[in-house]
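User: Hi! Could you walk me through a structure? I'd like to go residue by residue and ask as we go.

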Amino acid sequence: MQAQSKPPIFTEVDDCSVIAGFFRDAGYTEEGVQQRLKFGGLTAPSKKLPLMLRYTREGTLLDKLIRLFFLGVPLSIDAVQQMSLQPSREFWEKTNLIEVRGGKVFPLVKLTACWDLLLASDLPDEVRQGAHADFVMGPANSSVLVAKMMMQGPFERILDIGTGCGVLALLASRFGKRVFATDKNERALAFTRFNALLNGINNVECLQGSLFEPVEERNFDLIISSPPYVISPSSDFLFCDSGWRGDEFSKLLLQEAGSHLRLGGYCQIICNWGHQVDQNWREGLEGWFEGTGCDAIIWGGDTQDVAQYAITWIQDTRARNQQILESEFDRWMDYFAQQKIEAISYGVIAIRRREGSNWIRMEDTPSRYSEATGDDIQRRFLLQDYINEADDSKLLGEAFCVVEDVHLKQELNPTDERMEFVEARLQRTRGLIQYCTIDANIAGLITRCNTRRSLGDILQEMASSMNIHLEQLTPMAIETIRYLVRSGFLQPASLRKQ
């Protein structure tokens, strides 16, 4: 196991803006790094290293920064001297960003440029080489997903549980008056403090402890978390292993969140849960929310068998050689058999504290989560409330319209002289990217929907044009409207004004 490096720390706080400006002026931004490497990921795969070294062979200041802090490749002292580091090379050494050994300069951290932030974390290669349990992971795909689904506020108080390098807390600082970043790992909090200073953010408070221990009786408008959700027999790394049995940690997080939310407050997390291979991913999840005082929406269905799940995580975090891979795989599979887990699902969960009788809605994972997902999720709660409260007569008197960024696409049959369509589809283009295939009658209903005509008037017109009794058309139309509203394709005009 390698010696543990110290987290970066500013010995002269006023100089943090100098370092941030140095990277920014060199073009070390999300766009700048991606363009130079022709790669859009957060971590460079080892198999792509030769190609990325080729892309950075010109030796510009940006090339050298990318090699050091994104690819983790040491540079000669002469090459670093030519970089004219600001404030000085010695300052970068005292800040624990680099160290000099044997005539070379080695990076001590990875620096990821994303979302206009510059984020320090431990070097990713350390994981497979035998990192310590308090290894601090940089922004990952899970961080990206939570960032996309995060509601934008503004909020008075936000809590980020298991903050890691602080990426979610720092993003939340843009629309939260006060942000609390908690973590069981003190090294993670040290990285978060450093990253806050590096990015000029001063409304994030770091607190050490597990789950809600550090915040005691405080309540929040928004709780976010990319928790250590991996289901495994291990407790090797704090960033992914909770040490709890199965999916109990994620379940407990959600159950305790309800008592730390203000009325109308939200909690958003991603997590895994285990089940039998012949069991639908929805089964058993209802029990997670009993007694929380919260409504819940779950998007799930990304399911793996436990063998593939184990191999993926072992290779990503533990497999330094084939012998370790084989022994760890046997240990994981024995654990899953003991826990009676045959498949593991992955999903997004959002809950909202509300008085009254609470509801739960489960949907299949959308094809994609876009940048506007947070606003879309918040709207889904309002739409579900509306459908729950609206009886048939209210729906018939309501005017409906297609939600912004939802498009109706109709595929015509070119061999039909009447040009009737073969299929119609409602497609969301932002937020929760989803589609819904519909028939000609539903398409006709939707094209008539606008903010000026009630559903009842539209159905009367349709019944007349179809030469059928209104009573025949109404029940099916109301059921369809309910589905399209709670699925986010249509919205009532009365909510559009809110």
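Predicted model: local features only at pLDDT ≥ 70, side-chain atom pairs only at ≥ 80, totals over all residues.

User: Good to know. Let's begin with charges: how many salt bridges are there?

Analyst: The count comes to 21 salt bridges. Some of them are joined up: Arg361, Glu363, Asp376, Arg379, Arg380 and Arg428 are linked in a network.

User: Where is Arg380?

Analyst: Arg380 sits in helix 13, which covers residues 373–389.

User: And is Arg380 buried or exposed?

Analyst: Arg380 counts as buried, because its relative accessibility is 2% and the cut-off for buried is under 20%.

User: What else does Arg380 touch, away from its sequence neighbours?

Analyst: Leaving out residues up to four places away in sequence, Arg380 touches Ile297, Trp299, Glu363, Arg428, Leu432, Gln434, Arg486, Ser487 and Gly488. Among these, Glu363 and Arg428 also belong to the salt-bridge network.

User: What about Asp392, which partner does it have?

Analyst: Asp392 forms a salt bridge with Arg482, and their closest N and O atoms are 3.3 Å apart. Asp392 belongs to helix 14 (residues 392–397) and Arg482 to helix 17 (residues 470–486), so this pair ties together parts 90 residues apart in sequence. Asp392 is partly exposed at 40%, whereas Arg482 counts as buried at 17% relative accessibility.

User: Switching to the surface: which residues gather in a patch of negative charge?

Analyst: That patch is made of Asp278, Glu283, Glu286, Glu290 and Glu342. One of them, Glu286, is in the loop between strand 10 (261–275) and strand 11 (294–305). Glu286 counts as partly exposed, with 41% relative accessibility.

User: Let's go to Phe10. Where is it, and is it buried or exposed?

Analyst: Phe10 lies in the segment before helix 1 (16–25). At 8% relative accessibility, Phe10 counts as buried.

User: What is Phe10 in contact with?

Analyst: Leaving aside neighbours within four places in sequence, Phe10 is in contact with Cys16, Ile19, Phe91, Thr95, Phe194, Leu197 and Leu198. The C-alpha atoms of Phe10 and Arg193 are separated by 9.7 Å, though these residues are 183 apart along the chain.

User: Last topic, the backbone. Which peptide bonds are cis?

Analyst: I can point you to two. The bond from Gln86 to Pro87 is cis, with omega near 5°, and Pro87 is in the loop between helix 5 (77–81) and helix 6 (89–94). A cis bond also joins Gly153 and Pro154, with omega about 10°. Pro154 is in the loop between helix 7 (141–149) and strand 6 (155–161).

User: Why point those out?

Analyst: Because most peptide bonds are trans, and likewise most residues other than glycine have a negative phi.

User: OK, so which residues have a positive phi without being a glycine?

Analyst: Asn96 is one of them, with a phi of about 65°. Asn96 is in the loop between helix 6 and strand 2 (98–101), and it counts as buried at 15% relative accessibility. Trp115 also has a positive phi, about 55°. Trp115 is in the loop between strand 4 (110–114) and strand 5 (117–121), and at 19% relative accessibility it counts as buried.

User: Great, thanks for the tour!

Definitions and conventions:
Residues numbered from 1 in each chain as written. Heavy atoms only, no water. Helix = DSSP H or I, 4+ residues; strand = E, 2+ residues; numbered from the N terminus. Buried < 20%, exposed > 50% of the residue type's maximum accessible area, 1.4 Å probe, protein only. Contact = heavy atoms within 4.5 Å. Patch = residues over 30% accessible without salt bridge, like charges linked within 9 Å, V, L, I, M, F, W, Y side chains within 5 Å. Areas by Shrake-Rupley, 256 points an atom, 1.4 Å probe, with all protein chains shown as cover. Salt bridge = Lys/Arg side-chain N within 4 Å of Asp/Glu carboxyl O. Lys, Arg positive; Asp, Glu negative; His and termini not counted. Charge placed at Lys NZ, Arg CZ, Asp CG, Glu CD.
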